[in-house]
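Hi there,

Here is the structure I promised to pass on. Please have a look at it first, and then read my notes below.

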Amino acid sequence: MTKKDLAGLTDHTLLKPDATHEDIKKLCEEALQFGFYSVCINPCFIKLAKELLKYSDVRVTTVIGFPLGMTLTEVKVYEAMNAHLLGANELDIVINIGALKSGDWDTVRKDISDVIMATKGLIHKVIIETCYLTDDEKKKVVEIALEESSEFIKTSTGFGPCGAQLSDIRLIKDIVGDIAGIKAAGRIRTLSQVLDLLEAGATRIGTSAGVKIVGELSRR
């Protein structure tokens, strides 16, 4: 794997609540320098990122219902539609975890479906926050996301007690096959982690340590 290959699979991420305009500028400059696939940022920074990246192929990913997923579906739809209007290319959408844990699968499905239906033409990554789910719950929500035409399943927000796990990537891969992509995210800090996650079936990596990881590959 080359540096270009690795960067092309990476969403260069900054979702900290205290991120500033200068931080976003630096993130976008790094994305341009290293050729990351996208920057993943909070919705309030979409307009700034689009301006900074307007002459490049770097895409803008934003998050919806982040990080808890417990906002009203109507609010998620509004947030997603406005993100679309501002120029976001990809939406990472947190499921309603509480509804799932309550067994309210109709709400889980509608929550996913309404956002995707309202923003056709974008790439959607449904964040299932694996750290809170049993394997049976993971399987069921992945199946629902596929049925509602999500292009990706994403493991984690990075704000839960743990991030991407190899066992979860393998479980998701067994379900999605080649129908959808898998974004591994959350506490990914090293090249060895990335290579293991890719081998297990991940097709996109979300990390705030992309520059460090690409640097590790350069030194190999």
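A word on conventions before we start. This is a predicted model, in which local features need pLDDT of at least 70 and side-chain atom pairs count only at pLDDT 80 or more, while totals for chains, interfaces and linings use all residues. Residues are numbered from 1 along each chain as its sequence is written, and side-chain values use heavy atoms, with hydrogens and water left out.

**The core**

The largest nonpolar core has 69 residues, and V39, I128 and V141 touch the most other members. Such a core is a set of buried Ala, Val, Leu, Ile, Met, Phe, Trp, Tyr and Cys residues joined through side-chain atoms within 4.5 Å; buried means under 20% relative accessible area, exposed over 50%, and partly exposed in between, with a 1.4 Å probe and protein chains only. Beyond its neighbours within four places in sequence, I128 is in contact with I95, L133, V141, V142, I153, K154, T155 and I172 (contact means heavy atoms within 4.5 Å).

**Two helix pairs**

Helices (H or I, at least four residues) and strands (E, at least two) are DSSP runs, numbered from the N terminus. Their axes are lines fitted to C-alpha atoms, for helices over the stretch in contact, and angles run from 0 to 180 degrees between N-to-C directions.

Take α7 and α8: these helices pack at an angle of about 40 degrees, with axes 10 Å apart. That makes α7 oblique to α8 (angles under 35 degrees count as roughly parallel, over 145 as roughly antiparallel, 65 to 115 as roughly perpendicular, and the rest as oblique). On the α7 side, D135, K138, K139, V142, E143 and L146 meet D168, L171, I172, I175 and V176 of α8. By class, this contact has six nonpolar, no polar and five charged residues; Ala, Val, Leu, Ile, Met, Phe, Trp, Tyr, Cys and Pro count as nonpolar, Asp, Glu, Lys and Arg as charged, and the others, Gly among them, as polar.

Helix α8 (residues 166–176) also pairs with α9 (residues 191–200): the axes come within 8 Å and cross at roughly 25 degrees. These two helices are therefore roughly parallel to each other. L166, I169, R170 and K173 of α8 make the contact with D196, L197 and A200 of α9, giving four nonpolar, no polar and three charged residues.

**A strand residue**

I123 sits in strand β5 (residues 123–127) and is partly exposed, with a relative accessible area of 22%. Not counting residues up to four places away in sequence, I123 touches R59, N89, E90, L91, E151 and F152.

**Backbone details**

Most residues other than glycine have a negative phi, and most peptide bonds are trans. Which residues does a cis peptide bond join? They are F66 and P67, with omega about 0 degrees, and P67 lies in the loop between β3 (59–64) and α4 (73–86).

S149 is not a glycine, but has a positive phi of about 75 degrees. S149 lies in the loop between α7 (135–147) and β6 (152–154) and is partly exposed at 47% relative accessible area. R187 also has a positive phi, near 60 degrees; it lies in the loop between β7 (181–185) and α9 and is partly exposed, at 43%.

Happy browsing!
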